[in-house]
Amino acid sequence: MSELAIKRMTLAEFLRWEDGTDRRYELIGGLPMAMAPPARARGMLCVRLGGMIDVGLRSRQSCSVQTEAGIVRPGRNDTFYVADLAVTCSPYRRGEQLLKDPILIVEILSPGTEKHDRQVKVPAYRDIGSVNEILLIDSESIYAEIFRREGGRWITELVQRRDVSLRLSSVDLQIAMAELYDGIDLEAENAA
């Protein structure tokens with residue numbers, strides 16, 4: 001039986017809660033926030049990138065990539081984010097709803113999520129000690145932004161052309177942007 005969310009929830013309450021629908025939620029400051037269904041381009045990028053990362057992880061038996069990965073904000077019992085993709089090298093445990101010790105977190109940007117992803121999620125992801133890289137991929141133009149931890153600081157790398165490759169050092173992988181965006185209709189390319 002589903003119950004209505006009429007009060008703030010802890011993480012444990014949120015993980016047990018269901019609203020009786022297939023809608024996806026994140027927990028922000030104790031309040032469940034509905035997530036809009038993804039656009040087709042976003043879904044295509046997520047599947048394609050997830051598959052490329054999965055193939056790249058074959059030699060690292062203990063590591064895995066997950067879609068719609070549950071990420072907990074460090075030191076908070078009232079926040080649960082759903083990342084488009086995340087990689088962990090922690091062993092899988094049956095029934096887990098949270099991704100333990102992510103090393104790479106990916107968010108695919110769309111006009112409706114970009115502000116929240118950049119202003120809320122990225123700073124929270126930087127606070128997770130195991131995270132080595134955060135990747136933002138644009139679903140409407142050829143654009144990737146990689147935040148890479150180097151010692152005690154974060155370095156930002158931009159990848160913006162079809163003829164270059166994206167390098168993910170956390171999973172030791174290079175991805176051709178042309179291959180990643182193949183078959184996705186981009187507004188900026190149509191205008192050129």
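How many aromatic pairs does the structure hold? I work with a predicted model, in which local features need pLDDT of at least 70 and side-chain atom pairs count only at pLDDT 80 or more, while totals for chains, interfaces and linings use all residues. Residues are numbered from 1 along each chain as its sequence is written, and side-chain values use heavy atoms, with hydrogens and water left out.

**Entry 1, ring pairs.** I find 4 aromatic pairs, where rings of Phe, Tyr and Trp (its six-membered ring) pair if their centres lie within 6.5 Å, and planes under 30 degrees apart count as stacked, over 60 as edge-to-face and the rest as tilted. Tryptophan 17 and tyrosine 25 make an edge-to-face pair, at 4.9 Å centre to centre with 70° between the planes. Both tryptophan 17 and tyrosine 25 are buried (under 20% relative accessible area, with exposed over 50% and partly exposed in between, for a 1.4 Å probe and protein chains only).

I note that tyrosine 81 and tyrosine 125 are edge-to-face because their ring centres are 6.0 Å apart and their planes stand at 90°. Tyrosine 81 counts as buried because its relative accessibility is 1%, and tyrosine 125 counts as buried at 1% relative accessibility.
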